[in-house]
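Student: I would like to learn how to read the salt bridges of a structure. Please show me the model, and then take me through them.

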Amino acid sequence: MSTENEGTAVPPAPSAPPVPVESPAASTRPAAPTAPIPSVPAGAPDHEPARTAPAYASAGSPGQGGGSAPDASWPPPPPATPSYGDAGGSGAGSYADGGSGGAGSGWGAGFPAPAPKPRSRRGGLVAAILTAALVAGGLGGGLGYTLARNNDSGDSTTVSASDSGGTVKRDAGTIAGVADKALPSTVTIQAESSSGEGGTGTGFVFDKEGHIVTNNHVVAEAVDGGKLTATFPDGKKYDAQVVGHAAGYDVAVIKLENAPSTLKPLTLGDSDKVAVGDSTIAIGAPFGLSNTVTTGIISAKNRPVASSDGTGSNASYMSALQTDASINPGNSGGPLLDAQGNVIGINSAIQSTSNGGLGGTSQSGSIGLGFAIPINQAKYVAQQLIKTGKPVYAKIGASVSLEDTTDGAKITEQGASGSEAVEAGGPAAKAGLKPGDVITKLDDRVIDSGPTLIGEIWTHQPGDKVKITYERDGQTRTVDLTLGSRVGDN
């Protein structure tokens, strides 16, 4: 790992200070110039902070491929965005100014010294007395120093801390307290394919049986004949197997082999109750640096984000929690905690200004825009994967355009592979929806595109009743709809 200092060097100090004068002329110091901070170029969020894993998609223009998706059941086609790393940015450092002072001048010619006065006996006596006092003072000072040194604890007014930094108890409500409690329940995951390719991600203990929750894209390389290991902060490493993975949700569950009986699952919070401005704590292995803790706040909620597992076959969509806690490649799958240490999300995606993307020659890094899967959704998915090994998706039974628009989610004229755009007997058909209808709201959530609609649908469970607001022939209409279900990614 390398570091880089920005800005200019400090000018060297003069070899000798100017000669002091009694009344130097006032000097001025030039103001320290600063370089303007360059603006961040607009771009789509980079997806997948998995170390060395393929780049993950963005919410900016997800899936512009022909303008249509398979029906709202799984799977929609992958976003047609290129490898999700955007143009690189650069930071401007401030300049360090050494400053300089002006040299003062003398006061001109000196006056002649006054004639010496005759010395008196009294002056000699005063001098002798002063000399004796100085000697006595010196003896007293030396004796005082010796006594203070030999008996410092008795008379010293200095206050010392009773505990060193290593023994101070960290309160549970502090960041240090939360990290101290959560770190032992997080793992660094190494995923390797049968061909030796792979990367690093993060996961956290979900239950006492040894199940670990992470991102699908963290373990995707190891799904078919690959190898997985999970390493705890104390250095203990365990082999693991994939229990189930959901490409659409970007959630996966792995299980430790010979899991220890001392596992402590992290407490799951309620992501529906999270508010913008709430404190956040992220734990992960950015760029392979395991057990890294960063902090921030919830910057936004319900942020539509699209991503891909890097294979080009599946896309995932989320209505994400946005945080400014520093999240980088390798943080993927790690917990996003609230101030009490409860898991409120799974770190999954980042916005970046890097050119290379996460699988390219250069890796993207944090610019303060990270996205996490809300834990309420991830919990439901993880439970389904543990129970059956397959994900269950909610659906409306209609194909929608994946074009990046702001007008809503338009039901296409035709579905994937020539199928009907509105599934016969499906939820949308029963609600009276037709090709060409533009869905603009799901309950009270504004829908601005197809990916946003899919992400919002997947925050629900099959059987949930929702209200759909849509436009047809210039008129706005509403209809109640009961969500259907689809099992599996294919």
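Tutor: A salt bridge is a side-chain nitrogen of Lys or Arg within 4 Å of a carboxyl oxygen of Asp or Glu. Here, Arg472 and Asp437 form one, with an N to O distance of 2.8 Å. Arg472 belongs to strand β17 (residues 465-472) and Asp437 to the loop between α6 and β15 (438-442), so the pair ties together parts that are 35 residues apart in sequence. The model is predicted: local features need pLDDT of at least 70, side-chain atom pairs count only at pLDDT 80 or more, and totals for chains, interfaces and linings use all residues. Residues are numbered from 1 along each chain as its sequence is written, and side-chain values use heavy atoms, with hydrogens and water left out.

Student: Are Arg472 and Asp437 buried or exposed?

Tutor: Buried means under 20% relative accessible area, exposed over 50%, and partly exposed in between (1.4 Å probe, protein chains only). Both Arg472 and Asp437 are buried.

Student: How many salt bridges does the structure hold?

Tutor: There are three. One of them joins Lys395 to Glu423, with the closest N and O atoms 2.9 Å apart. Lys395 lies in strand β13 (residues 392-395) and Glu423 in the loop between β14 (409-410) and α6 (427-430), so this pair ties together parts 28 residues apart in sequence. Helices (H or I, at least four residues) and strands (E, at least two) are DSSP runs, numbered from the N terminus.

Student: Which of the accessibility classes does Glu423 fall into?

Tutor: Glu423 counts as partly exposed, at 27% relative accessibility, whereas Lys395 is buried at 10%.
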